[in-house]
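Colleague: I am new to reading protein models, and I would like to go through this one with you step by step. Could we open it and begin with a single residue before turning to the rest?

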Amino acid sequence: MALASFTARFKQFVTPDALRSYLAEFISTFFYVFVVVGSAMASRKLMSDLATGPSSLVLVAIANTFALTSSVYIASNVSGGHVNPAVTFGLAVGGHISVSTALFYWVSQMLASVMACLLLKVATVSQDVPIYTIASEMTGFGASMVEGVLTFGLVYAVYAGGDTRSGPLRSIGPLVIGLMAGSMVLAAGPFSGGSMNPALAFGSAVVAGRFKNQAVYWVGPLIGAAVAGLLYDNVVFPGHVSGRVNSDGTTGV
């Protein structure tokens with residue numbers, strides 16, 4: 001009986017629509033990570049003496065803005081365009097996506113990030129894949145707090161951008177999300193790297209083979225995402241009924 005129940009539930013998450021949503025998350029996350037990590041590698045290639053300078057920071061921030069805006073847009077009608085395990089977690093906490101579907105999204109996002117970084121590593125040959133690090137004067141706790149605040153802002157923008165009550169303004173939701181991410185990179189890049197995305201930090205760490213302070217890019221973002229979701233739906237804009245879990249486990253947010 002239990003086995004039959006499990007099988008029935010599992011089949012709900014391997015329907016054609018569900019599989020398309022996982023693929024959409026994989027594709028959008030792949031290109032997002034490819035552009036963000038690739039831009040960091042490109043700046044290091046072109047300006048080796050200024051690899052950590054203002055020019056590099058601005059370049060990565062602009063790439064982040066463009067990449068996230070485009071990635072969210074191309075996947076929004078299929079999977080919701082999460083492109084980020086923290087966003088998926090924040091939406092799951094708010095009841096906009098089922099926990100089971102969130103786990104499948106996580107697998108798609110993490111695999112896409114690793115594949116994107118691996119491709120960059122193989123294609124560029126002579127360059128190492130950069131990883132996210134914290135400033136030498138910062139503690140892991142402090143960096144985690146920074147990443148948590150950054151992700152709070154990002155997920156809050158995701159909630160606001162997907163709110164159907166925004167009317168015509170909802171069409172610029174992906175742009176708002178991208179601009180928020182880019183501004184956050186400018187604000188915190190020199191301190192914690194401005195990842196806001198566990199998959200982004202994880203993929204580069206796997207390919208580079210260095211996992212120092214990896215917890216910073218999971219604990220802070222996941223907490224920040226959860227708080228943003230709960231605050232938006234229950235305190236600031238209560239009564240939000242759109243974007244709840246669809247029959248295939250995806251969300252319209």
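Colleague: Which residues does Ser113 touch, not counting residues up to four places away in sequence?

Modeller: This is a predicted model, in which local features need pLDDT of at least 70 and side-chain atom pairs count only at pLDDT 80 or more, while totals for chains, interfaces and linings use all residues. Residues are numbered from 1 along each chain as its sequence is written, and side-chain values use heavy atoms, with hydrogens and water left out. Ser113 lies in helix α5, where helices (H or I, at least four residues) and strands (E, at least two) are DSSP runs numbered from the N terminus. Taking contact to mean heavy atoms within 4.5 Å, and setting aside residues up to four places away in sequence, the residues that Ser113 touches are Val33, Ala199, Leu200 and Gly203.

Colleague: Is Ser113 buried or exposed?

Modeller: The classes rest on relative accessible area: buried means under 20%, exposed over 50%, and partly exposed in between, using a 1.4 Å probe and protein chains only. Because its relative accessibility is 0%, Ser113 counts as buried.

Colleague: Which residues of α8 are buried?

Modeller: Helix α8 is mostly covered, as eight of its 11 residues are buried, and these buried residues pack against α2, α4, α5 and α9. They are Pro198, Ala199, Leu200, Ala201, Gly203, Ser204, Ala205 and Val207.

Colleague: How many helices are there in the chain?

Modeller: From the N terminus on, the elements run α-α-α-α-α-α-α-α-α. The chain has zero strands, and its helices number nine.

Colleague: With which residues is Leu68 in contact, leaving aside its neighbours within four places in sequence?

Modeller: Leu68 is one of the core residues that touch the most other members. Once its neighbours within four places in sequence are left aside, Leu68 is in contact with Tyr32, Val83, Leu154, Ile177, Gly178 and Ala181.

Colleague: How are α4 and α5 oriented, roughly parallel or roughly antiparallel?

Modeller: Axes are lines fitted to C-alpha atoms, for helices over the stretch in contact, and angles run from 0 to 180 degrees between N-to-C directions. The axes of α4 and α5 come within 9 Å and cross at roughly 175 degrees. Angles under 35 degrees count as roughly parallel, over 145 as roughly antiparallel, 65 to 115 as roughly perpendicular and the rest as oblique. The crossing angle therefore makes α4, relative to α5, roughly antiparallel.

Colleague: How far apart are the closest N and O atoms of Arg20 and Asp17?

Modeller: Side chains of opposite charge can pair when their charged atoms come close. A salt bridge is a side-chain nitrogen of Lys or Arg within 4 Å of a carboxyl oxygen of Asp or Glu, and the structure holds two of them. Arg20 and Asp17 both lie in helix α2, three residues apart, about one turn of the helix. Their salt bridge has its closest N and O atoms at a separation of 2.2 Å.

Colleague: What is the angle between the ring planes of Tyr22 and Phe104?

Modeller: Rings of Phe, Tyr and Trp (its six-membered ring) pair if their centres lie within 6.5 Å, and planes under 30 degrees apart count as stacked, over 60 as edge-to-face and the rest as tilted. The structure holds 11 aromatic pairs. Tyr22 and Phe104 form a stacked pair at 5.0 Å centre to centre, with an angle between the planes of 15 degrees.

Colleague: How many residues apart are Tyr22 and Phe104?

Modeller: The pair links distant parts of the chain, with Tyr22 in helix α2 and Phe104 in helix α5. Tyr22 counts as buried at 8% relative accessibility, whereas Phe104 is partly exposed at 28%.

Notes
A nonpolar core is a set of buried Ala, Val, Leu, Ile, Met, Phe, Trp, Tyr and Cys residues joined through side-chain atoms within 4.5 Å.
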